[in-house]
Amino acid sequence: MSASTMTTARGRWLAWGGLAAVLIAAPWIFRSSLALNMLSQMGYLIIICLSYNLLLGQGGMLSFGHAVFTGLGGYAAVAAIGYVDGHGVAFPLVLMPLVGGLMGALVSVPLGYVSTRKAGTTFAMISLGIGELVVAFAIMLPDLFGGDGGISINRTYGKPWGGITFGPQIQLYYLIAAYCFICTALMYAFTATPLGRMLNAVRDNPERAQFVGYNTQLVRWYSFIIAGFFAGVGGALGTINFEIFNAADSLSGMRSGAYLLFTFLGGVTFFFGPMIGAVLMVLCTVLLSEITAAWLLYLGLVFVLMIMYAPGGVASLIMMNVRMARAGKLGRFAGLYGALVLACALLMLGASALIEMIYHMQLNAAIGSEVKYLGMRLDAATVAPWLGAVAVALIGALAVHQVGRRFAHAWGKAQEEIEAGLQHGGQTA
Amino acid sequence: MEFFTISLLNGLSYGLMLFMLSSGLTLIFSMMGVLNFAHASFYMLGAYFAFALSQSVGYWPALLIAPLAVGLVGAAFEQLCLRRVHKWGHVPELLITFGLSYLVLEVVQLIWGRNVVPYGLPDQLQGPLFTLYGTQFPKSRAFVMLVAVLMLGAIWLVLQRTRIGLVIQAALTHPDTVQALGHNVPRVFMLVFGGGAALAALAGVVAGNTYVTEPAMAYAVGSIIFVVVVVGGMGSLAGAFLASILIGVVQTFAVAIDVSLADLLGAAGLKVASGNPMEQALRLTVAQVAPMLPYLFMVLILIFRPRGLMGTRED
């Protein structure tokens with residue numbers, strides 16, 4: 001007993017120490033200015049995705065309007081910075097994300113009240129309507145919300161404190177990283193509070209929670225406000241990072257949809273899943289969109305396949321393998337994994353060659369029919385590359401199907417063995 | 001007077017178009033519990049299919065073929081994707097339709113480009129149907145109304161008078177019992193999903209050339225039909241009808257009214273000073289507020305009558 005408590009305590013120190021070390025060391029490993037900018041984005045998106053998961057993963061509330069809270073948090077920070085800068089008030093930038101957080105929590109109070117009566121589908125619809133309401137409202141009042149041009153700020157306002165002006169990106173990165181660490185820790189702590197536990201109970205079985213004597217709406221509402229606070233902090237850091245707030249973008253339904261998509265891809269069933277989602281979000285929107293014009297199509301495909309085959313997201317895939325490795329059975333999958341990777345690579349090679357050629361025909365047909373693809377030059381005007389791509393894709397699909405079936409079979413068998421072992425162990429103990 | 005009549009007719013035509021969409025959404029929702037996020041995407045697909053078909057076989061065959069084709073796409077999606085995630089509950093089901101809406105948008109942009117496509121009206125529908133006090137009412141809008149009313153009648157007949165309609169009605173409330181009686185409920189689900197997609201596509205075919213056919217059309221109408229379903233009451237066809245007409249008419253009137261609060265205050269003898277911090281809010285005209293009205297309406301309904309206008313259940 002005491003040994004296992006020791007290991008969990010040590011695991012916790014390792015996890016949090018590891019997170020802190022990664023946050024501190026990252027800008028020394030990835031040194032380019034693009035990388036630093038991406039790291040900053042990851043930092044505040046981690047806060048946003050985790051706050052989103054307080055709703056979806058912890059509370060079963062599928063929100064299509066999370067950008068309302070991040071956006072209004074960002075707006076509050078921009079407005080406060082504009083005021084402080086203009087009036088010469090001594091209010092440091094370090095505390096500005098809290099202004100955004102308070103704004104997020106404040107708007108969550110009435111909006112949460114009308115939307116948290118039910119979870120699931122009803123909640124989803126209402127959050128969508130409220131999201132549209134707020135963005136229409138903000139666009140209607142360009143004097144207040146900046147209209148099409150948005151509102152620009154200068155984050156280096158005020159007197160530097162100890163040489164820190166937040167002008168250089170590295171200084172801002174460490175501010176974001178500090179907030180990221182603290183907010184992550186606070187949100188993790190929230191999941192262990194009685195309210196966080198009740199939120200899980202309300203997610204899993206609202207009727208039963210009601211019978212025990214809890215008001216399910218109140219539990220959801222309080223959690224909604226807390227999620228709104230962290231969303232506001234993340235949103236404020238985002239606008240401080242870019243030094244601009246644009247209502248039509250920051251509050252938009254597209255933005256809300258992206259939070260949902262990547263939080264889900266990262267994985268909603270584990271606390272750390274959304275952190276992976278946030279990293280993926282930056283990699284996709286910054287890097288993948290540079291590589292290919294078809295990135296949204298790939299993203300949509302991955303999303304749909306993920307829901308169908310791995311609804312727990314990347315995090316659950318990782319944890320499945322960790323579990324297998326702990327039982328010492330991961331080694332036997334080496335061959336199957338190799339075959340699976342090869343088959344998937346074949347399928348992706350063929351399918352993406354097709355997609356790239358189609359996109360090229362649609363967007364850049366004027367430049368010529370030649371498509372650069374993985375160092376190859378494919379001439380989309382001739383038949384051969386199309387036939388080749390279709391053939392490769394078909395062979396790949398067939399191989400994935402075959403290998404996948406074998407893999408699933410072997411995995412299920414190993415899983416059964418582990419469970420049998422656990423039951424056996426439980427009986428002897 | 002003429003403004004009133006024409007606006008009312010335009011509003012009715014828009015409202016009936018909304019009902020073509022929300023009826024399918026409501027049927028799918030009340031039967032399968034699935035909130036089909038991609039419903040407006042099927043509407044868009046219908047418009048684009050009809051645009052493509054009308055260039056080769058003409059508009060009138062397209063009116064029939066495009067909805068059928070989209071219905072097949074919908075049924076295939078239900079069979080291949082939706083059914084697979086059904087066992088994990090409603091949230092993954094909603095998510096997969098959300099993913100589908102992403103994919104449809106990308107594919108449409110890939111095939112037909114990102115701009116408005118020239119999907120025109122056929123000769124028979126061009127020009128005004130009648131002229132009232134000097135204002136014209138276009139034939140195309142009357143045609144939208146005609147198609148919607150015919151469709152409404154057809155749905156009613158199918159649901160009330162045919163064997164499959166009775167099975168659908170029974171499966172709405174008691175799917176397990178219907179299954180136990182030997183009916184293939186999954187196939188009924190597929191039929192309803194495909195049928196709902198076809199209805200949405202039909203709306204797209206007639207609305208695509210009356211309004212515009214562009215990649216943004218799905219998103220523009222998508223959130224409105226969710227509002228319609230919430231306002232009407234989740235799962236109530238009659239409620240969806242009432243809410244569609246209401247929102248269609250209110251929005252059409254609002255767009256045409258160019259009066260602001262400041263004007264009203266001015267008529268009452270109060271002048272809004274130009275330094276007033278509320279000036280901009282007071283100077284907004286009703287027309288400018290129009291895009292917000294459906295959502296505002298929804299929030300009010302949620303506060304004062306959470307089950308919707310005609311809803312019977314609260315979940």
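**View 1. Helix H3 of chain B has a kink of about 40°, centred on B:Glu78.** The bend at a residue is the angle between axes fitted to the seven residues ending there and the seven starting there. Helix H3(B) covers residues 59-85, 27 residues in total. From its first C-alpha to its last it reaches 37 Å, close to the 39 Å expected at 1.5 Å a residue. That expected span is 1.5 Å times one less than the number of residues. Helices (H or I, at least four residues) and strands (E, at least two) are DSSP runs, numbered from the N terminus.

A word on the model before the next view. This is a predicted model, in which local features need pLDDT of at least 70 and side-chain atom pairs count only at pLDDT 80 or more, while totals for chains, interfaces and linings use all residues. Residues are numbered from 1 along each chain as its sequence is written, and chains are lettered from A and ligands numbered from 1 in the order in which they are written.

**View 2. Chain A meets chain B through 33 residues of chain A and 38 residues of chain B.** Here, two residues are in contact if their C-beta atoms, placed from the backbone, lie within 7 Å. On the side of chain A that touches chain B, the elements giving two or more residues are helix H5 (120-140), helix H14 (295-309) and helix H16 (334-363). The largest share, 14 residues, comes from H5(A). What classes of residue does this side of chain A have? There are 23 nonpolar, six polar and four charged residues. Ala, Val, Leu, Ile, Met, Phe, Trp, Tyr, Cys and Pro count as nonpolar, Asp, Glu, Lys and Arg as charged, and the others, Gly among them, as polar.

**View 3. Strands E3 and E4 of chain A form a hairpin with two residues between them.** E3(A) (residues 370-373) and E4(A) (residues 376-379) run antiparallel, joined by four bridges. Strands pair if DSSP finds at least two bridges between them. Look for A:Val371, whose bridge partner in E4(A) is A:Leu378, and for A:Lys372, whose partner there is A:Arg377. In the turn, A:Leu374 has a positive phi of about 50°.

**View 4. Chain A is divided into domain 1 (32-311) and domain 2 (327-428).** These bounds come from an automatic or database domain assignment. The C-alpha centres of the two domains lie 34 Å apart. Their contact takes four residues from domain 1 and four residues from domain 2. The side of domain 1 that touches domain 2 has three nonpolar, one polar and no charged residues.

**View 5. Helix H15 of chain A covers residues 313-326.** Its 14 residues should span 20 Å at 1.5 Å a residue, and its end C-alpha atoms are 20 Å apart, which agrees. After H15(A) comes A:Gly328, with a positive phi near 70°.
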